[in-house]
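Me: I would like to go through a protein structure with you. Could we take it topic by topic?

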Amino acid sequence: MKVLPKINFTQQPCENFREYSCGGWLQTNDLPAYMSSWSLKKRIQQDQKIKIRNMVVTLRNVASSTSLNWKMKHFYESCMNLDNIETDEGKPLKKIISTLLGGWHVLKDFDVHAWDVTRTIVQLHSKYSVSPFFKIDVVPDDKVSGQNIIQISPAGLGLPDRRYYYRQQDNKIVTAYKQYMVDVSQLLGATSGDASIFSNDMFHYEKRIAEITPASKQEDPYNSHRRFKLSKLKEIAGMIPLLDILQSKFPESNISDDTFISVVSPTYFSNLSNLISSSDRSGLNDYFMWKMAEAYVPYLSVKFREIVKIYMAELTGEKDLPPRWEICVSLLQKFMGFGITASLEPNIENKSGVVAVVKDVFENIKDSIITNVNKNNDLGPELRDHVINKLDSLTVQIGLPDNMLEENYVNQFYNQLPIQKLDFFQNVNYAISFVKEYSQFKLKSKKEEYGWLDDLVSEDPKVTYNVASNKVIVPLSLLSPPYFETGYPE
């Protein structure tokens, strides 16, 4: 009954199989104006956002500002309070750029001789979670069970793929991206002429970064993911102040030249060091401040959000921005994903039955694989024993464990996250600082759950495998019709 309505029986399957198999669904599911694609999975994600909104807007007023409910409620309300956001316009961002980061060349409030390159890139990475040139993550250490490790990798580009930078200059997406840079810098105070020069210069600078950025599908996974001491990385990428950045980002983790980190594409970092050494200070400043502006523009007034909409319409075909409530829910999921999940899971209908069915399916699949491995005569005895031992110890985590659902646990988890009433931009900065503290805690903690918690509470749920704990991770939010029903096929 779930499949038949999606079929278009007016079409012949041998003539147009896609229209036959999906035509009924396509006719009854219009593409939302603010999305470039629509699917059953996206519908499940949309339903989840509606549940979150309904939960947050019906939260009772709570007296304690230290409780998760208070923080979720007032973060959401500050995001929905457009009057304050419109009054501030671009002032909160411009204040950070001009007074805390040393100014922006294109805005003419920048002293090329006084500006500190190292201090700025350290602040961007450690204080504002902006990722010029490369990004920093804390990931499970596949060499040491139960431990996490810092990973650095190419940060990506302003455009979605390096190939865009080799298109003709009159290409509509290239033109739209350049105009986007012009519009943002002008709204922050640049003149039309200066903004146009900045836009062209920045596009060509990003093209230089694109030239050294690896095409991920072409890289050898073994050679592109390497484990280095910081001292070794310093030898091949001496212009990158990585020790300063990591010590500032993880001040309690005793980072030193002897600290091991995971490096994705060491060649990129070697080439990046050469690129930085050949970059003038004004060009570096323009790039750093553009990355800062690009990251924070979505949190500003409607003037800024409108130019985002114009750019995204050309880039992806999305004709509008999501409804404001959906933007605010997405930010809650980004910054308080664990809290949101911990609030929703206890109210899932027949949760214990869902978990029992998934565990049963998991064990049946595992048993079937073990049987097939034992029957496989092509495997040597040593390899077979290793695989069997790995399968025997393989477990599954479905939703959050009970202890992490307790109110005291959740409130303590968010203890270091302050939230103010109605000050959205400040709340975003508080949340970014909290995520930084959480990353530091993950790096220090030996608790297994901090290796897979992010996978369980992601806005984009998917079944994953955690290597370090040998565990399959199944978010409960994914276990919804038509993908899952406890009574099917019985």
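This is a predicted model: local features need pLDDT of at least 70, side-chain atom pairs count only at pLDDT 80 or more; totals for chains, interfaces and linings use all residues.

Me: Which parts of the chain does the pair tie together?

Reply: Tyr-177 belongs to helix 7 (residues 172–187) and Trp-290 to helix 13 (residues 281–296), so the pair ties together parts that are 113 residues apart in sequence.

Me: Is Tyr-177 buried or exposed, and what about Trp-290?

Reply: Tyr-177 is buried, with a relative accessible area of 0%. Trp-290 also counts as buried, at 0% relative accessibility.

Me: What kind of pair do Phe-338 and Phe-413 form?

Reply: Phe-338 and Phe-413 form an edge-to-face pair, with 4.7 Å from centre to centre and 65 degrees between the planes. Phe-338 is in helix 15 (residues 324–344) and Phe-413 is in helix 18 (residues 407–413), so parts that are 75 residues apart in sequence are tied together by this pair. Phe-338 counts as buried at 3% relative accessibility, and Phe-413 counts as buried at 15%.

Me: Which cluster do ring pairs link Phe-338 into?

Reply: The cluster consists of Phe-338, Tyr-409, Phe-413, Tyr-414, Phe-434, Tyr-438, Phe-441 and Tyr-450, linked by ring pairs.

Me: New topic: charges over rings. Which ring does Arg-53 lie over?

Reply: Arg-53 lies over the face of Trp-325, at 4.2 Å from the ring centre. In another case, the charged end of Arg-324 sits over the ring of Phe-424, 5.5 Å from the centre of that ring.

Me: Now helix 16. How many residues does it have, and how far does it reach?

Reply: Helix 16 (residues 351–375) has 25 residues. From its first C-alpha to its last it reaches 37 Å, close to the 36 Å expected at 1.5 Å a residue.

Me: Which residues of helix 16 are buried, and what covers them?

Reply: The buried residues of helix 16 include Val-355, Val-358, Phe-362, Lys-366, Ile-370 and Val-373. Their cover includes helix 17 (381–393), strand 5 (395–398) and strand 7 (471–474).

Me: Where is Val-387, and how far is it from Val-373?

Reply: Val-387 is in helix 17. Val-387 and Val-373 are 14 residues apart in sequence, and their C-alpha atoms are 8.0 Å apart in space. At 24% relative accessibility, Val-387 counts as partly exposed.

Me: How is the protein divided into domains?

Reply: It is divided into domain 1 (1–30) and domain 2 (112–299). The C-alpha centres of domain 1 and domain 2 lie 45 Å apart.

Me: What is Ser-248 in contact with?

Reply: Leaving aside neighbours within four places in sequence, Ser-248 is in contact with Val-122, Ser-126 and Lys-436. The side chains of Ser-248 and Ser-126 make a polar contact of 2.9 Å. Ser-248 lies in helix 11 (residues 242–249) and counts as partly exposed, at 27% relative accessibility.

Me: And where is Thr-120, and what does it contact?

Reply: Thr-120 is in helix 6 (residues 117–126). Thr-120 is buried, with a relative accessible area of 1%. Apart from neighbours within four places in sequence, Thr-120 is in contact with Leu-101, Trp-115, Phe-288 and Met-289.

Me: One last topic: what is the phi of Ser-129, and what is that of Leu-422?

Reply: Ser-129 has a phi near 50 degrees, a positive value in a residue other than glycine. Leu-422 is not a glycine either, and its phi is positive, at about 70 degrees.

Me: Where are Ser-129 and Leu-422 placed?

Reply: Ser-129 is in the loop between helix 6 and strand 1 (134–140), whereas Leu-422 is in the loop between helix 18 and helix 19. Ser-129 counts as partly exposed at 34% relative accessibility, and Leu-422 counts as partly exposed at 41%.

Conventions. Residues are numbered from 1 along each chain as its sequence is written. Side-chain values use heavy atoms; hydrogens and water are left out. Helices (H or I, at least four residues) and strands (E, at least two) are DSSP runs, numbered from the N terminus. Buried means under 20% relative accessible area, exposed over 50%, partly exposed in between (1.4 Å probe, protein chains only). Rings of Phe, Tyr and Trp (its six-membered ring) pair if their centres lie within 6.5 Å; planes under 30 degrees apart count as stacked, over 60 as edge-to-face and the rest as tilted. A charge sits over a ring if NZ of Lys or CZ of Arg is within 6 Å of the ring centre and within 35 degrees of the ring normal. The expected span of a helix is 1.5 Å times one less than its number of residues. Contact means heavy atoms within 4.5 Å. Domain bounds come from an automatic or database domain assignment. A polar contact is a pair of N or O atoms within 3.5 Å; within protein, one must be able to donate a hydrogen and the other to accept it, and residues adjacent in sequence count only if both atoms are side-chain atoms.
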